[in-house]
Amino acid sequence: MDYLPIFITGTDGSGKTTLTEWLKEHLENQGTSVQIVWSRYNNLFSKPLLAATRLTGHNYYEKHDGHLFGYHDFQKLSLFRKIYTLLQSIDVNIATRRNILRHLCPGQMLICERGPWDTLADVMLDTGNMNLHKTLTGKRFVTSVQEKFKVFFISRSRENIIKTRPELEYDRSLTEKIRIYHCLAEAFGWEIIENNGSLSSTKDQLIHSLSLRETTGEAG
């Protein structure tokens, strides 16, 4: 069976990496060639702005029990937010072409664990602009992949995330990140994979959704 390329997205601790690696092994056992790609934190034109906000204290890290958590508090920097968002939209498209689209090839399944959808969620969090995905600039983050890929959103509650990743209890942004991903899932019609039960149940959901999509000829 030839599978169309997919994104597996969601917050840290939702189970993306575990499911991505398992899906690769599962499909390869069925004779499908699979490649996993990862594309995030691609700061090119926006890097000088991030360096400047490090100096002003709006871009900083906190350390808890040996774990670093980074924060971008750009919500009150009105002009900066607009420039930063625009430059991030440029950066993410460069990275998408370099890290993702060039790997598309016939006869191979491409799985993207991180990509422009995650960057869009990050910028929404950084700037506090919860309507960014509705704007022309926000839509530019994902224009190059929206019609080519299907997105699978791994949904996991904060409580269950912390059970498997206890260090994330210190992440002050976790609840807001979860809310943003759910907002994007609803807005863009992502396939939601619930990962709040057993891992085997989650795997079954993923395979069923992927197989159903191919059977019905859905292109995402």
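Ala, Val, Leu, Ile, Met, Phe, Trp, Tyr, Cys and Pro count here as nonpolar, Asp, Glu, Lys and Arg as charged, and the others, Gly among them, as polar. The model shown in these views is predicted.

**Figure 1. The second largest pocket and its lining.** This pocket has a volume of about 280 Å³. Its lining is made up of 15 residues, and those nearest the centre are Gly13, Ser14, Gly15, Lys16 and Thr18. By residue type, the lining holds two nonpolar, seven polar and six charged residues. Helix H1 (16-29) and strand S5 (108-114) each supply at least two residues of the lining. H1 gives the most, with four residues.

**Figure 2. The largest pocket and the elements around it.** The volume of the largest pocket is about 870 Å³. It is lined by 36 residues, and Tyr41, Gly70, Tyr71, His72 and Asp126 lie nearest its centre. Several elements each supply at least two lining residues: helix H2 (47-56), strand S3 (59-64), strand S4 (67-72), helix H3 (78-99), helix H4 (116-127) and helix H8. Strand S4 gives the most, with six residues. The lining divides into 12 nonpolar, 11 polar and 13 charged residues.

**Figure 3. A charge over the ring of Tyr71.** Tyr71 is among the residues nearest the centre of the largest pocket. The charged end of Arg172 sits over the Tyr71 ring, at 4.1 Å from the ring centre.

Figure 4. A pair of aromatic rings is described by the distance of the centres and the angle of the planes. The whole structure contains 10 aromatic pairs. Trp38 is partly exposed because its relative accessible area is 44%, while Tyr41 counts as exposed because its relative accessibility is 55%. Phe153 belongs to strand S6 (residues 150-155) and Tyr181 to helix H8 (residues 174-188), so the pair ties together parts that are 28 residues apart in sequence. Are Phe153 and Tyr181 buried or exposed? Both residues are buried.

**Figure 5. A cluster of aromatic rings.** Ring pairs join Trp117, Phe153, Tyr181, Phe188 and Trp190 into a cluster.

**Figure 6. The largest nonpolar core.** In soluble globular proteins, nonpolar side chains tend to be buried together. The largest nonpolar core of this model has 29 residues. Phe7, Phe149 and Trp190 have the most contacts inside the core. H3, S5, H4, S6 and H8 each supply at least two of the core residues. Which element provides the largest share of this core? That element is H4, with six residues.

**Figure 7. Ile36 and Ile100.** Ile36 lies in strand S2 (residues 33-38). It counts as partly exposed because its relative accessibility is 30%; a residue is buried under 20% and exposed over 50%. Along the chain, Ile36 and Ile100 are 64 residues apart, and their C-alpha atoms are separated by 9.4 Å.

Methods: Residues are numbered from 1 along each chain as its sequence is written. This is a predicted model: local features need pLDDT of at least 70, side-chain atom pairs count only at pLDDT 80 or more; totals for chains, interfaces and linings use all residues. Side-chain values use heavy atoms; hydrogens and water are left out. Rings of Phe, Tyr and Trp (its six-membered ring) pair if their centres lie within 6.5 Å; planes under 30 degrees apart count as stacked, over 60 as edge-to-face and the rest as tilted. Buried means under 20% relative accessible area, exposed over 50%, partly exposed in between (1.4 Å probe, protein chains only). A charge sits over a ring if NZ of Lys or CZ of Arg is within 6 Å of the ring centre and within 35 degrees of the ring normal. On a 1 Å grid over the protein atoms alone, a cavity is a set of points where a 1.4 Å probe fits but cannot get out, and a pocket is an open set with protein on both sides within 12 Å along at least five of seven lines; lining residues have an atom within 4 Å of a point. Grid points are joined across faces, edges and corners, and a volume is the space filled by probe spheres set on the points. A nonpolar core is a set of buried Ala, Val, Leu, Ile, Met, Phe, Trp, Tyr and Cys residues joined through side-chain atoms within 4.5 Å.
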